[in-house]
Amino acid sequence: MDTTRQDQFYLRAVAEFGPALNRLARTYEADASQRLDLLQDMHFALWRSFAGFSEQCSLRTWVYRVAHNVGISKRVRRRRGGLASLEELTDAPAQGSPEDDTHVARALDRLRQLIRALKPPDDQVMLLYLEDMDAQAIGEITGLSARAVATRIHRIKALLARDFGQGASP
Amino acid sequence: MTDIKDIWQNQPTEENIMITLSDIRERAQALQSRIRLRNGALYFYSFANIAITLFLISRGVSPRYTMPGLLILVAHIFVIWQLWWRTSARAFPGHLMGTAALDYLRHELSRQRDALSGAWLWYIAPFMPGLIWELWLRATLHPANMPPTADRLMVLFLVLSALFFWAAVGLGFSLAAARLDLRLERLNTLKAE
């Protein structure tokens, strides 16, 4: 693949999914300077990856795979302990009450905290669910089976209903 | 309350920055420079060791230990090369970046696990010939100014210290590999769901 085609794919990806990359970086990294580094890593990995992109999957799937894999690499290197599965978080007592979440910023903070507390790939499923992806697309990006994704989405809905007092739309 | 997905997708992000292609190319250049710098440092370390050892040999300092010293030097170079080889181009394995997340994570963990579980072969074993040779030379030295009992105790201390050190290194690698094995098992279970 020549550089021009690689550049074109990259520019298209950034135009379409740039904001989603920002949200992903913000969720994975709480520290502002580290976040900028992570975001640049994602962009760099994305640009490099397009040298080998043969359109065997959609651009959206490719972009999310690459961005999530950069995030995974960062988490693996950090080796942070104490991460939980969706099942464990759903079983744990809720923190705060739904009334607390009338403030959007606070709701977003709590969402990010929830995602950061989750083990991969549960954190990814939740992120992709919030990005309004369907089960099939989530399966393509994470590599989970449709059944495994469906189970997780069910738990995510329960978690969101409990912590935010609403049933998020499917 | 508004739908949580809407809140999520419309969240304000302060990283409203434009990363241009020239930024990306600069980063690619910087990565290459870092790799060149790191390799340069490794080569400098290796050549400095070789130069010092050759200098000591040419001056006839501790001639008994010349050969085991050379073996340990070769081991150092081998381990440096292994570290370089195992860590090169790791930051972004391009051909894997577009694979599904579970496969990518499994590959990352497997690579780390394999490096750790095989560490006795590429990190510990290379030092053994030189080390054992040095210990054997020291055990048969019998310095005239040291009483036999003190000499034997000194040799025992050196042998036990070496054993303890390398056993601790080996155990550390094994424990880390076992932890990764557990995570890989969990991933395999996820994949089978």
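## Chain A

In chain A, residues 24 or more positions apart account for 70% of the contacts (heavy atoms within 4.5 Å) that have a separation of 6 or more. This is a predicted model, in which local features need pLDDT of at least 70 and side-chain atom pairs count only at pLDDT 80 or more, while totals for chains, interfaces and linings use all residues. Residues are numbered from 1 along each chain as its sequence is written, chains are lettered from A in the order in which they are written, and side-chain values use heavy atoms, with hydrogens and water left out.

The secondary structure of chain A consists of eight helices and zero strands, helices being DSSP runs of H or I with at least four residues and strands runs of E with at least two. Of the 170 residues in chain A, 55% are buried, that is, under 20% relative accessible area with a 1.4 Å probe, protein chains only.

## Interface of chains A and B

Contacts join 41 residues of chain B to 65 residues of chain A, and the two chains bury about 4,900 Å² between them, 60% of it on carbon and sulfur atoms; this buried area is the accessible area (1.4 Å probe) lost on putting the two parts together, summed over both.

Across this interface the rule finds one salt bridge (a side-chain nitrogen of Lys or Arg within 4 Å of a carboxyl oxygen of Asp or Glu), in which the side chains of K5(B) and D132(A) meet at 3.1 Å, N to O. Helix 1 (4-9), helix 2 (21-59), helix 4 (101-117) and helix 7 (148-192) of chain B each give two or more residues to the side that touches chain A, and the largest share, seven residues, comes from helix 4 of chain B.

Definitions and conventions
Buried < 20%, exposed > 50% of the residue type's maximum accessible area, 1.4 Å probe, protein only.
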